[in-house]
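Here are my notes on the model. Please read them with the structure open. They take the helices, then the strands, then a few single residues.

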Amino acid sequence: MDKFVIKKAKTKSKRTLVDDTGSPTEDLTRKKCRGEEADALPEQTCTWKRIREENLSCDYTSLFKKAEADEIFQQLEKDIVYFTGDLSKVQVYGKWHNVPRKQVTFGDEGLTYTFSGITLSPKPWIPVLDLIRERVQLVTGHSFNFVLINRYKDGNDHIGDHRDDEKELVPQSPIASVSFGASRDFVFRHRDSRGKNSVRTIEPVKLELEHGSLLMMNFPTNVYWYHSLPVRRKVLAARVNLTFRKIKPPSQR
């Protein structure tokens, strides 16, 4: 991952940097939490890694310390009930397949989310998800009204190349990916360099998403880059991933 990471020296002073487009950006290395809840919660300083490639913009940090992440993971394993039946299938090239993982959605009332041929209505928020969402919003300054949760029982469970670019998403809104449990490889592939008929050669970007981590996928990443969680048979433990999104209410679609 280091090839694609722009590392900054740790400092408490704020500096102005220049990003890939030449516009100023805030130093993400040590950034105090932001958000409406900032006065009500203890101040937290996060160490960020900026991951940049052509039209790829991601920021990565450790959101929860190990002890807290362990506790949250156990609570997720206890409280989350995943979809079954038709809601546990996806449509690929006109054929229905069982999802090679477990999944479920939570969110604000009245929202729906359609992908891979299925439309999902979210379950109402529960305390452990409120805790995670509040921490994400505090750190990033972004609000989220929906979360897709995927559980991978071991390294055989996976998800193939895809982009989170569904029409229900608020345009240009980021997606916040929080991981608990086993560390897994996460691979980005540029849309122009996929498959036998690729028109360009662009090296994939591979990250390792660790227990308690947060990956922010910023615009325009999901326009140009596909991402996947490949099979890793040597991984024997479970992983739970939560991708927080901003979904348009039905009245705005």
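1. Terms for strands. Two strands count as paired if DSSP finds at least two bridges between them. Helices (H or I, at least four residues) and strands (E, at least two) are DSSP runs, numbered from the N terminus.

2. Basis. This is a predicted model, in which local features need pLDDT of at least 70 and side-chain atom pairs count only at pLDDT 80 or more, while totals for chains, interfaces and linings use all residues. Residues are numbered from 1 along each chain as its sequence is written, and side-chain values use heavy atoms, with hydrogens and water left out.

3. Length of α1. Helix α1 covers residues 66–79. The expected span of a helix is 1.5 Å times one less than its number of residues. For the 14 residues of α1 that gives 20 Å, and the end C-alpha atoms are 20 Å apart, which agrees.

4. Faces of α1. Buried means under 20% relative accessible area, exposed over 50%, and partly exposed in between (1.4 Å probe, protein chains only). Which residues of α1 are buried? They are Ala69, Ile72, Phe73 and Leu76. These residues cover an arc of only 105 degrees around the axis, which puts them on the same side of α1. The arc is that of the directions from the helix axis to the C-beta atoms. The face turned away from the buried side carries the exposed residues Ala67, Glu71, Gln74 and Lys78.

5. What α1 packs on. The buried residues of α1 pack against α2 (127–140), β14 (175–181) and β19 (239–245). Contact here means heavy atoms within 4.5 Å.

6. Helix α2. The 14 residues of α2 should span 20 Å at 1.5 Å a residue, and the end C-alpha atoms are 20 Å apart, which agrees. α2 is mostly covered, with 10 of its 14 residues buried. Among the buried residues are Val128, Leu129, Ile132 and Val136. The buried set also includes Arg133, Arg135 and Gln137. Glycine 141 follows α2, and its phi is positive, near 80 degrees.

7. Strand β19. How many of the residues of β19 are buried? Seven of its seven are, so to speak the strand is mostly covered. Arg239, Asn241, Thr243 and Arg245 point one way from β19, and Val240, Leu242 and Phe244 point the other way.

8. Partners of β19. Strand β12 (residues 146–152) runs antiparallel to β19 and is joined to it by seven bridges. Valine 147 stands opposite phenylalanine 244 in β19. β14 also runs antiparallel to β19, with six bridges between them. There, valine 178 has leucine 242 as its bridge partner in β19.

9. The four-stranded sheet. β13, β18, β15 and β16 form an open sheet in the order β13-β18-β15-β16, with antiparallel pairing. β13 (159–162) and β16 (205–209) stand at the edges, each with a single partner strand, so one side of each is left without a neighbour in the sheet. Neighbouring strands of this sheet are turned by 15 degrees against each other on average, direction ignored. Those axes are lines fitted to C-alpha atoms, for helices over the stretch in contact, and angles run from 0 to 180 degrees between N-to-C directions.

10. Pairings in that sheet. Five bridges join β15 to β16, and valine 187 has lysine 206 as its bridge partner in β16. Four bridges join β15 to β18. Two bridges join β13 to β18 (residues 225–229). Histidine 227 in β18 stands opposite histidine 162, and phenylalanine 188 stands opposite histidine 227 as well. β15 (residues 184–190) is mostly covered, with six of its seven residues buried.

11. Cysteines. A disulfide is a pair of cysteine sulfur atoms within 2.5 Å. By this rule the count is zero. Cysteine 46 is buried, with a relative accessible area of 1%. Cysteine 58 is buried too, at 0%.

12. Isoleucine 247. This residue lies in the segment after β19. Is isoleucine 247 buried or exposed? Isoleucine 247 is buried, with a relative accessible area of 1%. The C-alpha atoms of isoleucine 247 and valine 170 are separated by 5.6 Å, though the two are 77 residues apart along the chain. Leaving aside neighbours within four places in sequence, the contacts of isoleucine 247 include Leu111, Tyr113, Phe146, Leu169 and Val170.
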